Amino acid sequence: MSKKKQPVGVAIDDVTVKGVDGLQLSINKEVIGTVMPLENGSFEAQVGSDRPVKVKTQDEAIEYLIQTYNLHH
């Protein structure tokens, strides 16, 4: 039996953490992680309490969070 495809609600909200503006990614109202800019122009993606991962662009950070979510669900 195959599962019926269900729509997935992805939300990207603005957040401020320790005085720095960033993004918070949620899937189906469950917070997945955050994307924060770094001083050198790159970005940092963090899933929950895991160690942050540095990436070059904001899009790469969002893709990383979604891929990590898909691996664990």
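Buried means under 20% relative accessible area, exposed means over 50%, and partly exposed lies in between (1.4 Å probe, protein chains only). The model here is predicted, so local features need pLDDT of at least 70 and side-chain atom pairs pLDDT 80 or more, while totals for chains, interfaces and linings use all residues. Residues are numbered from 1 along each chain as its sequence is written, and side-chain values use heavy atoms, without hydrogens and water.

**Exercise 1.** Which helix holds Thr68, and is Thr68 buried or exposed?

*Solution.* Step 1: look in helix H1, residues 58-72, for Thr68. Step 2: its relative accessible area is 11%, so Thr68 is buried. Step 3: follow the side chain of Thr68 to the backbone oxygen of Tyr64, at 2.9 Å.

**Exercise 2.** Find the strand that gives the most residues to the lining of the largest pocket.

*Solution.* Step 1: list some lining residues (those with an atom within 4 Å of a pocket point), including Val17, Thr34, Met36 and Glu44. Step 2: the elements giving two or more residues to this lining are strand S3 (30-37) and strand S4 (43-47). Step 3: S3 gives the most, with 3 residues.

Terms used:
Helix = DSSP H or I, 4+ residues; strand = E, 2+ residues; numbered from the N terminus. Polar contact = N/O pair within 3.5 Å; in protein donor to acceptor, adjacent residues only side chain to side chain. 1 Å grid on protein atoms, 1.4 Å probe; cavity = no way out; pocket = protein on both sides within 12 Å on 5 of 7 lines; lining within 4 Å.
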